[in-house]
Amino acid sequence: MYLIAIKMLMGDTAKYIALVLGVAFSTMLMSNQATIFAGIMERAANQISEVREADLWVMDKRVRYFEETEQLTQTQLWRVRGIEGVRWAVPLFKGLAMAHAPGGGLRQVHLMGVDDATLTGVCPEMVIGSKEDLKIPDGVIIDRAGYRFLFSGTPKLGGTIEINEHRGVIAGICDAAPPFTTFPLIFAKYSDAERYVGNPRKPITFILVAAEPNVDQSSLANRIEATTGLQVLGWKDFASQTIWYYVHNTGLGVNFAVTVILGFIIGAVVVGQMFHIFVLENLRHFATLKAVGISNGTMSRMILVQGLVVGAIGYNLGMAVSAEFFAFVRSLGMDFRGFYLSWQVMVSTGVAIALIMLLATGLSIRRLSKIDPVSVFKS
């Protein structure tokens with residue numbers, strides 16, 4: 001019976017292809033938009049997730065996300081260091097600066113000032129050099145995408161760069177995950193970063209803390225908050241808070257959600273309607289099967305098999321097109337890094353397509369259950 005169902009499905013080539021393309025289009029639209037949204041949100045937290053040495057981030061109580069900061073004082077850093085359970089605490093400076101390469105480009109950059117001694121916070125993925133090279137006089141590490149914008153030619157060390165009218169020397173090139181904005185990333189020693197921005201009265205943006213072994217991080221965070229009045233978050237919590245800020249306070253979440261929902265609705269309406277028409281045009285065949293003793297349950301399973309074939313082929317075709325699209329986009333330049341089909345998007349899209357096919361086949365099964373073979377043949 002199931003082979004007959006497949007032959008019936010593929011017998012009308014035009015409608016079969018239209019059904020598959022309808023599912024493929026819905027798959028491509030939903031997975032494409034979900035992937036772009038996930039990629040943008042991941043970028044919002046990339047600079048947090050790349051600081052792998054610290055257990056806790058300490059910041060002003062009013063800070064809601066990574067880009068919105070209130071500077072801290074050296075005194076607050078010393079108070080954090082004196083709290084029981086803190087193994088070490090180091091400053092992290094984050095700010096914006098103007099960078100200019102001789103004979104090259106001029107661009108605003110993200111300036112990250114890391115602790116002079118430990119270099120905690122430097123991008124862990126180095127392309128050329130090592131993070132220890134940051135300790136040379138005026139040394140800076142620039143991300144690969146930023147280097148390609150500011151300099152021409154093959155990436156190399158030793159070039160000079162002007163940061164807010166102060167000299168920097170390229171001591172390393174890293175492969176940092178792309179930030180939310182596409183500004184280049186420059187890592188400098190904390191003391192150099194202070195000099196680049198004019199030695200501000202409050203020079204610390206975040207305090208990075210590591211807990212002593214066997215110390216509960218949640219309890220330590222509560223102690224730091226109670227002692228200093230500052231906000232303390234684990235890196236995962238801070239990353240989530242940053243992402244949810246963009247979801248709640250910008251139109252990104254709503255816009256992408258609307259597009260994904262439209263993809264689902266279009267798929268459900270188009271595929272459901274076409275599947276229903278397909279069944280109506282094959283009523284005589286189903287009536288014949290019913291007349292010779294085929295039960296409603298068997299015919300229902302035949303419809304489900306047809307839906308499974310259409311859904312599986314359409315889903316795989318749409319997902320393949322979506323994957324090729326992102327592979328092509330990434331090949332256009334480094335600004336499009338980080339956009340890739342994740343297994344979460346593939347699974348969630350697959351669930352949505354399965355639901356679409358269940359709705360489409362459910363309508364057809366309901367129609368088949370009411371078939372009267374005599375009335376069909378009379379007509």
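Predicted model: local features only at pLDDT ≥ 70, side-chain atom pairs only at ≥ 80, totals over all residues.
Two strands pair if DSSP finds at least two bridges between them. S2 covers residues 86-100. Strand S3 covers residues 106-114. The two pair in the antiparallel sense, over nine bridges. One place to look is Ala97, whose bridge partner in S3 is Val109.

S2 has other partners. Strand S9, residues 206-211, pairs with S2 in the antiparallel sense over six bridges. Here Val90 stands opposite Leu208 of S9. Strand S6, residues 160-163, also pairs with S2 in the antiparallel sense, over two bridges. In S6, Glu162 is the bridge partner of His100. In a regular strand, side chains alternate between the two faces of the sheet.

Now turn to the loops. Glu165 lies between S6 and strand S7, which spans 166-174. Its phi is near 70 degrees, a positive value in a residue other than glycine. Glu165 has a relative accessible area of 72%, so it is exposed. Asn214 lies in another loop, between S9 and helix H6 (217-228). Asn214 is not a glycine either, yet its phi is positive, at about 70 degrees. Asn214 counts as exposed because its relative accessibility is 86%.

Next come the aromatic rings. The whole structure holds 13 aromatic pairs. One of them joins Tyr65 and Tyr245. Their rings are stacked, at 3.9 Å centre to centre with 10 degrees between the planes. Tyr65 sits in the loop between strand S1 (56-59) and helix H3 (74-81), while Tyr245 belongs to helix H7 (residues 235-249), so the pair ties together parts that are 180 residues apart in sequence. Tyr65 and Tyr245 are both buried.

Phe66 and Phe206 make another pair. Their ring centres are 5.5 Å apart and their planes meet at 5 degrees, so this pair is stacked. Phe66 lies in the loop between S1 and H3, and Phe206 lies in S9, so the contact ties together parts 140 residues apart in sequence. Phe66 counts as buried because its relative accessibility is 1%. Phe206 is buried too, with a relative accessible area of 0%. Phe66 and Phe206 form one aromatic cluster with Trp57 and Phe238.

Finally, look at a charge over a ring. Arg107 lies over the face of Phe149, at 4.5 Å from the ring centre.

Note on methods. Residues numbered from 1 in each chain as written. Heavy atoms only, no water. Helix = DSSP H or I, 4+ residues; strand = E, 2+ residues; numbered from the N terminus. Buried < 20%, exposed > 50% of the residue type's maximum accessible area, 1.4 Å probe, protein only. Phe/Tyr/Trp six-rings, centres within 6.5 Å; stacked < 30°, edge-to-face > 60°. Lys NZ or Arg CZ within 6 Å of the ring centre and 35° of its normal.
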